[in-house]
Amino acid sequence: MEIKNLKDLKNTEYGIEKIFDEAEDFLPLLGTDYVELYVGNAKQSAHFYKTAFGFQSEAYAGLETGVKDRVSYVLKQDKIRLVLTTPLDEGGPINEHINKHGDGVKVVALWVPDAKKAWEETTKRGAKSFMEPTREEDENGHVVRSGIYTYGETVHIFVERNEYKGIFLPGFKKWESHYNPEPVGLKFIDHMVGNVDWGEMNKWVEFYAKVMGFAQIISFDDKDISTDYTALMSKVMSNGNGRIKFPINEPAEGKKKSQIEEYIDFYNGAGVQHIAVATNDIVSTVSAMRDRGVEFLYVPDTYYDDILTRVGEIDEDVEVLKEHGILIDRDDEGYLLQLFTKPVVDRPTMFFEIIQRKGAQSFGKGNFKALFEAIEREQGNRGTL
Ligand code: FE2
């Protein structure tokens, strides 16, 4: 059964409750707990995410807290926690990860009521273990963490923290800083997208369905997202309560190299392509980020030429959206506003999406084509197509 959107899901003979109850039964997920990036210089990355993205200093672990082999900076903005980790020694898995992939997401941690059960249920269904259930404690209580591999070398860590009162995890101390730039209005992680290699999308869709009990809510094929130049296929997997959504992309054949293929080449395999973060006011968030030096994908003026015919009535002034290069897309439940940063690392790999949903539950499918076509129209005007 293929489900195009959440509304269809409610109308299927199986019923949304039934599908989602099954998911809840063996792997209840309360939300995203944290996202950990392995980076070449955590201290400097932390400065970037504070300055440019408005994250706040939260917690720290390193030599001063008795950790000998790495440093980790934890940053927070509303419900989003980013952890930036750099090894202090040569060799070892973190160095190998950075050597192979460049800076990138290693851990997508999920908040669970029972980390031991989450590990048992997922490994029983075929997940490869990354970390057996481990109890960690300090004077603030204890957590239990466990982990499994997903695509590439990316992992999911299950975090059980209902008995913990500390700042982040045992071993971390509060990070006090005199430098505290204002937040830019980022609220929570809306979805996180994985790029996988040619022919691998269905394998990972099946992994999320079978091993983690997710349901497929949307799929696009290369007819939806392609122009003469670039193509991709995508399926969106969601957990039962809809708090965790993982689109999975695979490259498709086009005249030129697909952006997914370029990612796979530079990342040396599958990995997290973008982290989409929600805001309640995309105009103020995006203008604050631009002022602080974040670079966004270029949106040609021609994108806005036929915008209202494509998306219908919207609350915002199109001229204001145009000024900030914000994209608009509509589905049958409402519309959404979104914008993509350029890669935030040296390799053309990981980037962020800023998204404001106004009813729409989809992911901006209409923008892929509209954006590429607008760029091609501009090329046509210059005679370079
Ligand atoms: Fe996205």
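User: Is Thr-279 buried or exposed?
Analyst: Thr-279 is buried, because its relative accessible area is 5%; buried means under 20% relative accessible area, exposed over 50%, and partly exposed in between, with a 1.4 Å probe and protein chains only. This is a predicted model, in which local features need pLDDT of at least 70 and side-chain atom pairs count only at pLDDT 80 or more, while totals for chains, interfaces and linings use all residues. Residues are numbered from 1 along each chain as its sequence is written, and side-chain values use heavy atoms, with hydrogens and water left out.

User: Where does Thr-279 lie?
Analyst: Thr-279 lies in strand E14, residues 271–279. Helices (H or I, at least four residues) and strands (E, at least two) are DSSP runs, numbered from the N terminus.

User: Which side chain has a polar contact with that of Thr-279?
Analyst: The side chain of Thr-285 does, at 2.7 Å. A polar contact is a pair of N or O atoms within 3.5 Å; within protein, one must be able to donate a hydrogen and the other to accept it, and residues adjacent in sequence count only if both atoms are side-chain atoms. A polar atom of the Thr-279 side chain also lies 3.0 Å from the backbone nitrogen of Asp-281.

User: Changing topic, what is the strand order in the open sheet?
Analyst: The 9 strands run E6-E7-E8-E5-E1-E4-E3-E2-E9, with mixed pairing; two strands pair if DSSP finds at least two bridges between them. Strand E6 (129–138) and strand E9 (173–174) are the edge strands, each pairing on one side only.

User: How do E2 and E3 pair, in the parallel or antiparallel sense?
Analyst: Strand E2 (residues 56–61) and strand E3 (residues 70–77) pair in the antiparallel sense over 5 bridges. Ala-59 stands opposite Val-74 in E3.

User: Which strands does helix H4 touch?
Analyst: Helix H4 (residues 92–101) packs on the sheet and touches strand E1 (31–38), E3, strand E4 (80–87) and strand E5 (104–111). Its direction makes about 100° with that of E4. Contact means heavy atoms within 4.5 Å; axes are lines fitted to C-alpha atoms, for helices over the stretch in contact, and angles run from 0 to 180 degrees between N-to-C directions.

User: And what about H5?
Analyst: Helix H5 (residues 115–124) also packs on the sheet, touching E6, strand E7 (141–149) and strand E8 (155–160), and its direction makes about 15° with that of E7. Asp-114 caps the N-terminal end of H5, with a side-chain oxygen 3.2 Å from the backbone nitrogen of Lys-116. Just after H5, Gly-126 takes a positive phi of about 115°.

User: Which residues of H5 are buried?
Analyst: They are Ala-115, Ala-118, Trp-119, Glu-121 and Thr-122.

User: How many residues does the largest nonpolar core have?
Analyst: The largest nonpolar core has 84 residues, and those with the most contacts inside it are Tyr-49, Met-212, Ile-275, Tyr-303 and Ile-328. Domain 1 (6–22 + 185–382) and domain 2 (31–174) both give residues to this core, so it lies between them. Such a core is a set of buried Ala, Val, Leu, Ile, Met, Phe, Trp, Tyr and Cys residues joined through side-chain atoms within 4.5 Å, and the domain bounds come from an automatic or database domain assignment.
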